[in-house]
Amino acid sequence: MASPADRADRPPLTERVEELLAAGGPLPLVEAGDPVLRRGTEPYDGQLPPALLARFVDALRLTMRMAPGVGLAAPQVGVGLRIAVLEDPAPVPEEVAVARGRVPQPFRVLVNPSYEPVGAERAAFFEGCLSVPGWQAVVARHAAVRLTGQDEYGRTLDEVVGGWPARIVQHETDHLDGVLYLDRAEIRSLSSSRALAERWNAPTPHAAARELGFELPE
Ligand code: ZN
């Protein structure tokens, strides 16, 4: 039950974000097991004033870069808003880039994103999550999706995304619905970062599928 003191001039969400940003530097990451990663998020509808939203987005970008990661969703810093950021300079060998469609993805902000599959093709690769540190698993995802929503300025997004960026979009949007990549993973593929580096750094997970005993899409 809210006491009158809770209903001050500013809504609690604004205060929460102000508090997070007050420390400066990268934001602390929330890890699996925290209910905020499972609750889903409320659509962004101006809850944060424009200047605060801009500062929050800057903090998400810094946190993602320092981690380092290629995407970060607001619940991963404990904020239940439908906002995520992506950026992938894709510093990978050519054969990996080709096999995984890992093309560079410039920094961008997704506000209220949703996706739906385009075509029936699926692509299965190892992926990880900053909220599940130390582990990766193979997830078969839609090879291409239609991404809709807005950017940080409220401009409409409606585009078809393929390759690795499609994977990032699905992973981050799932976070906003309280879904972790492990929910969709081939659980027998679960590999520690060390095992991955030692054994499964091939461009595709075919050898891992054979030796660990899980299925890949056709
Ligand atoms: Zn994640």
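Contact here means heavy atoms within 4.5 Å. Helices (H or I, at least four residues) and strands (E, at least two) are DSSP runs, numbered from the N terminus. The model is predicted: local features need pLDDT of at least 70, side-chain atom pairs count only at pLDDT 80 or more, and totals for chains, interfaces and linings use all residues. Residues are numbered from 1 along each chain as its sequence is written, and side-chain values use heavy atoms, with hydrogens and water left out.

**Stop 1: helix H1**

Select residues 12–22, which form H1. Colour Leu13, Thr14, Val17, Leu20 and Leu21, which are buried (under 20% relative accessible area; exposed is over 50% and partly exposed in between, with a 1.4 Å probe and protein chains only). Looking down the axis of H1, these buried residues fall within an arc of 125°, so they line one face of the helix; the arc is that of the directions from the helix axis to the C-beta atoms. An α-helix has 3.6 residues a turn, so residues three or four places apart point the same way. Now select Pro12, Glu19 and Ala22, which are exposed on the other side of H1.

**Stop 2**

To see the contact itself, show Thr14, Val17, Glu18 and Leu21 in H1, which meet Leu52, Arg55, Phe56 and Ala59 in H2. The residues of this contact divide into 5 nonpolar, 1 polar and 2 charged (Ala, Val, Leu, Ile, Met, Phe, Trp, Tyr, Cys and Pro count as nonpolar, Asp, Glu, Lys and Arg as charged, and the others, Gly among them, as polar).

**Stop 3**

Move to proline 68, in the loop between H2 and strand E1 (71–73). The peptide bond from alanine 67 to proline 68 is cis, with omega near -10°. Most residues other than glycine have a negative phi, and most peptide bonds are trans.

**Stop 4**

Select alanine 90, in the loop between strand E2 (83–88) and helix H3 (94–100). Alanine 90 has a positive phi of about 55° although it is not a glycine, and counts as buried at 12% relative accessibility. Then go to asparagine 112 in strand E3 (residues 105–117). Asparagine 112 also has a positive phi, of about 55°, and is buried at 16% relative accessible area.

**Stop 3: helix H4**

Finish at residues 163–176, helix H4, and pick threonine 173. Threonine 173 is buried, with a relative accessible area of 1%. Leaving aside neighbours within four places in sequence, threonine 173 is in contact with Arg82, Pro113, Ser114 and Tyr115.

Aspartate 174 also lies in H4 and is buried, at 2% relative accessible area. Which residues does aspartate 174 touch, not counting those up to four places away in sequence? They are Tyr115, Arg141, Val179 and Arg184. For a distance, pick the C-alpha atoms of aspartate 174 and glycine 78: these are separated by 15 Å, with the residues 96 apart along the chain.
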